[in-house]
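Thanks for coming. I will go through one structure today, a few parts at a time. Please have a look at the sequence and the fold before I start.

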Amino acid sequence: MLDDISGIMDWQGVDSAHHLHPFSDHKSLHAGKVRIITAADGVFLTDSDGNRILDGMSGLWCVNVGYGQQSLVDAAAAQMRTLPFYNTFFKTSTPPVIELSQRLARLTPAGLNHVFFACSGSEAVDSALRMVRVFWQTKGLPEKRIILGREYGYHGSTTLGASAGGMVDMHRQAGRMPDFDHVMPPYWYGYGGQMGSEEFGLYAAKQLAERIAALGAHNIAAFIAEPIQGAGGVIIPPETYWPEIQRICRAHDILIIADEVICGFGRTGHMFGSDRFGIEPDLMTMAKGISSGYIPLSAVMVGDRVAETLINDTGEFYHGFTYSGHPVACAVALANLDLIEEQGLVARAAEMGALLRAKLDEALGDHPLVGEIRNEGLIGAIELTSDKRNRAFFDKRGRVGTICRDFCFGNNLVMRAVRDSMVFAPPLIISADEIDEMVGKVKKSIDQTYDVVKHEMS
Ligand code: PXG
């Protein structure tokens, strides 16, 4: 197991022998070598070969404050010394969870004043979905059960979350629970055809109205959606979309769950994606940036209407996790929020997002392989196209994206490929120089990809 000469473990060999990775084809994973990340600082990762890698994905869309923030480490250590754990089940609470609850109620849009804690985005989504069903049951409308989501939506990997999400591969493999349904995403680049984006935004919203009419509003509990779809390929809705979606949901008394797991805590240049799009959600799920990934934590913000019913009329809500409101996680989240505020990282995300966009436009706007560059703050995507004029996709979606993703890796840049979209979400602390470095690496990787695929392009 241990390498005799260096005394260093054969990380790759042992990983492949014992570790089952999330969302991975293990046979192909084992055919290559996993990259072992050993340390990180700022926006850079270090791997076991000593490479310095620019992390264009903030870990997994989560390390908003960047790596190596001592104040988060200190907050965890101090809380671990004082009180490493106590539960919040049996008429008990702890100072960090109380403080964080108040802080989140103040930070989130008006009307969201109660918070339920969990450890992952999936658990937050699961909790929100159970809450909305219990809400309607309590109201005497138990038939209002259906959850509407969207194609390419991602709401986690528990059975309820995967059912709410619109990832067909997940449904195919593990099934989809009853009482879930999906509508089209506001993906203008892919589905807009000859429509302008504003017109398409209304068209996509209309698909929701039509689905509601088909299923019956009296059967529908909630519509769950990310303000900007992240894992589905950074789908940024046209300006017309969210106001119309809200109008439709309100008209049919369907609750809105804004899944802010990726958009929350500054990513879009606003504190929440809901702030950016004027969404007034009934519930809001959050994770990732709440603790910048330094420790697992998630939360559901519950709006007054739902909270009042749950508190006053439901009786016991039979739901909760051992680590709901974990004191160490809450202490880290408080330090994380301090840092976001002190360093003005929300405004910085807007500013650096604009800079990154300008540099990408300059470097890649005319590139034959680039169909669209889109972003909102520090979340964005570059669509790779086989025919720039017609926004055409390559055959066998995902193949060219994977080629480009591998070139990025080779150039010491982490970017994700979603189908043939290269998505990015660097830490909010990224500097102008680091943006230059990132754009240089993206350009190089896209040029290398172009060399491989140009013979297939029209
Ligand atoms: N909602 C949204 C909007 C998410 O993006 C979850 C819920 C689930 O969170 P947890 O913490 O349970 O993973 C997510 C997670 C990717 C990728 O490759 C995205 C996520 C997770 C893993 C991979 O884009 N998002």
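One term first: a residue is called buried when its relative accessible area is under 20%. Keep in mind too that what you see is a predicted model.

Let us begin with strand β5, residues 146–150. From β5, the residues I146, L148 and R150 point one way, while I147 and G149 point the other way. How many of the five residues of β5 are buried? Five of the five are, so the strand is largely enclosed by the rest of the structure.

What does β5 pair with? Strand β7, residues 220–225, runs parallel to β5 and is joined to it by three bridges. I146 has I220 as its bridge partner in β7. Strand β6, residues 180–183, also runs parallel to β5, with four bridges between them. Here G149 is partnered by H182 in β6. As background, strands of a sheet pair through backbone hydrogen bonds, and the pairing is either parallel or antiparallel.

Next, another sheet. This one is open, has four strands in the order β1-β2-β3-β13, and its pairing is mixed. Which strands are at the edges? They are β1, residues 37–41, and β13, residues 413–414, each of which pairs on one side only. Two bridges link β13 to β3, residues 52–55, in the parallel sense. Within that pairing, L54 is opposite L413 of β13. Helix α17, residues 432–453, packs on this sheet and touches β2, β3 and β13. The direction of α17 makes about 95° with that of β3.

Last, a single residue, D387. It is found in the loop between β12 (379–384) and α16 (399–410). Is D387 buried or exposed? Its relative accessibility is 8%, which is why D387 counts as buried. The D387 side chain makes a polar contact with the side chain of N390, at 2.7 Å. If we set aside neighbours within four places in sequence, D387 is in contact with A392 and S458.

That is the end of my part.

Technical notes
Residues are numbered from 1 along each chain as its sequence is written. This is a predicted model: local features need pLDDT of at least 70, side-chain atom pairs count only at pLDDT 80 or more; totals for chains, interfaces and linings use all residues. Side-chain values use heavy atoms; hydrogens and water are left out. Buried means under 20% relative accessible area, exposed over 50%, partly exposed in between (1.4 Å probe, protein chains only). A polar contact is a pair of N or O atoms within 3.5 Å; within protein, one must be able to donate a hydrogen and the other to accept it, and residues adjacent in sequence count only if both atoms are side-chain atoms. Contact means heavy atoms within 4.5 Å. Two strands pair if DSSP finds at least two bridges between them. Axes are lines fitted to C-alpha atoms, for helices over the stretch in contact, and angles run from 0 to 180 degrees between N-to-C directions.
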